[in-house]
Amino acid sequence: MDNTALLLFVTATFVLAGFVKGVIGLGLPTIAVGILGVVMAPAQAAALLVVPNLVTNGWQIATGPKLAATLRRLWPMLLAICLGTWAGAGLLQQEKDGTATLWLGAALILYAAVGLKAAKLRVPAGWEGWLGPAVGFATGVVTAATGVFVLPAVPYLQALGFDKEELVQALGISFIVSTLALSLGLIGAGALNLTVAWQSALALAPALLGMGAGQFVRNRISPAAFRICFFTGLLALGAYLCWRSLA
C-alpha cells in the first residue's frame with residue numbers, strides 16, 4: 001500500500017471509528033485498532049489513537065453530571081488500570097508471531113458477544129470494593145496487550161447501575177485513564193514520540209468529523225437497530241483477526 005492509499009485508509013478508519021463513538025458513546029479505539037491492525041502493527045495503531053482518545057473522552061468527562069462523585073467511586077479501579085497496563089508494558093511491541101493480533105481479535109469477539117447479548121448484569125453492593133480493582137487490573141493487561149481498553153471495564157461499568165449520562169461520563173473517565181497509562185508504556189517502549197504524536201494529532205480531525213456525524217444520526221435512527229449491526233460487524237472483524245493470526 002503506497003503512502004496516499006495508506007493516508008486515505010487511516011483517514012477513513014478514524015471517520016468510521018468516530019462515527020461509531022458518536023452513535024453509541026464508545027468504540028473509537030476498538031474499531032480503529034481493529035481495522036488499522038490490518039495494515040500496521042497494533043502498537044503503531046494504538047499510538048495513533050492517543051490524541052483522538054484524549055480529546056473525545058475529555059469531552060465526555062467534561063459534559064457529565066457527577067465528576068467528583070464518580071471519581072470517588074471508581075478510583076480503585078482506575079488505579080488498578082494503570083498498574084495492569086504498566087505490568088503488561090511492552091506486550092504490543094514484543095509479540096512478533098501474531099499473538100497480539102489473536103488477543104485483539106479475541107477481545108473484539110468477546111466485546112461483540114456482550115453487546116449482542118445486551119445482558120442486564122448488576123454488581124452486588126458488597127462486591128464493588130474488591131471487584132473494581134480486579135476488573136481494573138485485568139483491563140490494564142488487556143490494554144497493554146491489544147491497545148483496546150473496553151474489556152472487562154465496559155461490562156463492569158454498565159453493571160454498576162449508572163444512569164445514561166453518568167455511564168457516559170464513567171466510560172470517558174475509564175478510557176482516558178487507560179489512554180494515559182498506555183501512552184506512558186508506548187513512550188517507554190519507543191512506539192510513541194513527537195513525530196507519532198503529531199500524526200496522532202492529525203487523526204483528530206477525521207475522528208471528530210465522524211463523531212459529529214454519529215451524533216447527528218443517533219438522534220434520527222433506532223439505536224437498538226444500529227447496535228445490532230455494529231456488534232455483528234465487530235464480531236466478524238474479531239473473527240477475521242483471529243483467523244489471520246492463526247493462518
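The legends below describe close-up views of a predicted model. Local features require pLDDT of at least 70 and side-chain atom pairs pLDDT 80 or more, whereas totals for chains, interfaces and linings use all residues. Residues are numbered from 1 along each chain as its sequence is written, and side-chain values use heavy atoms, with hydrogens and water left out.

**View 1. Aromatic pairs of the model.** The structure holds five aromatic pairs. One of them joins W127 and W130, is tilted, and has 5.8 Å centre to centre with 45 degrees between the planes. Rings of Phe, Tyr and Trp (its six-membered ring) pair if their centres lie within 6.5 Å; planes under 30 degrees apart count as stacked, over 60 as edge-to-face and the rest as tilted. The pair of F230 and F231 is also tilted, because the ring centres are 4.8 Å apart and the planes stand at 50 degrees. F230 and F231 are both buried, whereas W127 is partly exposed at a relative accessible area of 46%. Buried means under 20% relative accessible area, exposed over 50%, and partly exposed in between (1.4 Å probe, protein chains only). Ring pairs also bring Y111 into a cluster with F230 and F231.

**View 2. Arginines over phenylalanine rings.** R73 lies over the face of F162, 4.8 Å from the ring centre. R220 is placed over the face of F216, at 3.7 Å from the ring centre. A charge sits over a ring if NZ of Lys or CZ of Arg is within 6 Å of the ring centre and within 35 degrees of the ring normal.

**View 3. Helix α8, residues 128-146.** The 19 residues of α8 reach 26 Å from first to last C-alpha, close to the 27 Å expected at 1.5 Å a residue. Helices are DSSP runs (H or I, at least four residues) numbered from the N terminus, and the expected span is 1.5 Å times one less than the number of residues. Among the buried residues of α8 are E128, L131, V135, T139 and T143. G147 follows α8 and has a positive phi, near 80 degrees.

**View 4. The second largest cavity.** On a 1 Å grid over the protein atoms alone, a cavity is a set of points where a 1.4 Å probe fits but cannot get out, and a pocket is an open set with protein on both sides within 12 Å along at least five of seven lines; lining residues have an atom within 4 Å of a point. Grid points are joined across faces, edges and corners, and a volume is the space filled by probe spheres set on the points. The lining includes P29, N53, G147, F149 and L186. Helix α10 supplies the largest share, four residues.

**View 5. The largest pocket.** This pocket holds about 1000 Å³ of space. Of its 38 lining residues, I24, Q158, K164, L167 and R227 lie nearest the centre. Helix α10 gives the most to this lining, with six residues. By class, the lining has 19 nonpolar, 11 polar and eight charged residues. Ala, Val, Leu, Ile, Met, Phe, Trp, Tyr, Cys and Pro count as nonpolar, Asp, Glu, Lys and Arg as charged, and the others, Gly among them, as polar.

How values were computed: Helix = DSSP H or I, 4+ residues; strand = E, 2+ residues; numbered from the N terminus.
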